[in-house]
Amino acid sequence: MSRNLRDANLLEWEVFASAGDFGMPDRAYIVFNCLSDRRLRPRYVRQEGDKAEAEALVAGIAEPELEALFSQSVELD
């Protein structure tokens, strides 16, 4: 499951949970992928728990808390 977030610069970001796939370790991550500007590198925040818990967080978190997670995110290497 994914959802979208618009940042302060009015860029649209897809937000989803990931773990294990795509070279990431088994720890769960919340990934932010920019849909408005594909040149921007994806960003992520590490989460406690597994992917199912991270997916539940993405689905159920309120917009202000999602924006706070985005502000804590770092670029994917």
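These legends walk through several close-up views of a predicted model.

**View 1. Strand β3 and its neighbours.**
Let us begin with strand β3, which covers residues 29-34. On one flank, β2 and β3 pair in the antiparallel sense over 6 bridges. Within that pairing, look for E14, which stands opposite N33 in β3. On the strand β4 side (residues 43-46), 4 bridges make the join to β3, and these two strands also run antiparallel.

Because 6 of the 6 residues of β3 are buried, the strand is largely enclosed by the rest of the structure.

**View 2. From β4 on to β5.**
Moving along from β4, we meet strand β5, made of residues 74-75. The two strands run antiparallel and are joined by 2 bridges. A handy landmark is R43, which stands opposite E75 in β5.

**View 3. R3 and its surroundings.**
R3 lies in strand β1, residues 2-6. Which residues does R3 touch, leaving aside those up to four places away in sequence? They are W13, E14, V15, V58, A59, I61, E63 and L66.

**View 4. A salt bridge between R3 and E63.**
Side chains of opposite charge can pair when their charged atoms come close. A search of the whole structure finds 4 salt bridges, and one of them joins the side chains of R3 and E63, at 3.4 Å from N to O. This pair links distant parts of the chain, with R3 in strand β1 and E63 in helix α2 (residues 63-72), 60 residues apart. With 32% relative accessibility, E63 counts as partly exposed.

**View 5. Two further salt bridges.**
R39 and D37 meet through their side chains in a salt bridge of 3.0 Å, N to O. How do the two partners compare in their accessibility, buried or exposed? R39 is exposed, with a relative accessible area of 73%, whereas D37 counts as buried because its relative accessibility is 18%, under the 20% limit. In another salt bridge, E55 pairs with K51, and their closest N and O atoms are 4.0 Å apart. Both residues sit in helix α1 (residues 51-60); being 4 residues apart, they are separated by about one helical turn. E55 counts as partly exposed at 30% relative accessibility, and K51 is partly exposed as well, with a relative accessible area of 30%.

A pair of aromatic rings is described by the distance of the centres and the angle of the planes. The structure holds 3 aromatic pairs. One of them is formed by W13 and F70, a tilted pair with 5.0 Å centre to centre and 55 degrees between the planes. W13 lies in strand β2 (residues 12-18) and F70 in helix α2, so this pair links distant parts of the chain, 57 residues apart. Both W13 and F70 are buried. F32 and F70 form an edge-to-face pair, 5.2 Å centre to centre and 70 degrees between the planes. As F32 lies in strand β3 and F70 in helix α2, the pair ties together parts that are 38 residues apart in sequence. F32, like F70, is buried. Ring pairs link W13, F32 and F70 into a cluster.

**View 6. R43 over the ring of F70.**
Finally, return to R43. The charged end of R43 sits over the ring of F70, at 6.0 Å from its centre.

Note on methods:
Residues are numbered from 1 along each chain as its sequence is written. This is a predicted model: local features need pLDDT of at least 70, side-chain atom pairs count only at pLDDT 80 or more; totals for chains, interfaces and linings use all residues. Side-chain values use heavy atoms; hydrogens and water are left out. Two strands pair if DSSP finds at least two bridges between them. Contact means heavy atoms within 4.5 Å. Buried means under 20% relative accessible area, exposed over 50%, partly exposed in between (1.4 Å probe, protein chains only). Rings of Phe, Tyr and Trp (its six-membered ring) pair if their centres lie within 6.5 Å; planes under 30 degrees apart count as stacked, over 60 as edge-to-face and the rest as tilted. A charge sits over a ring if NZ of Lys or CZ of Arg is within 6 Å of the ring centre and within 35 degrees of the ring normal.
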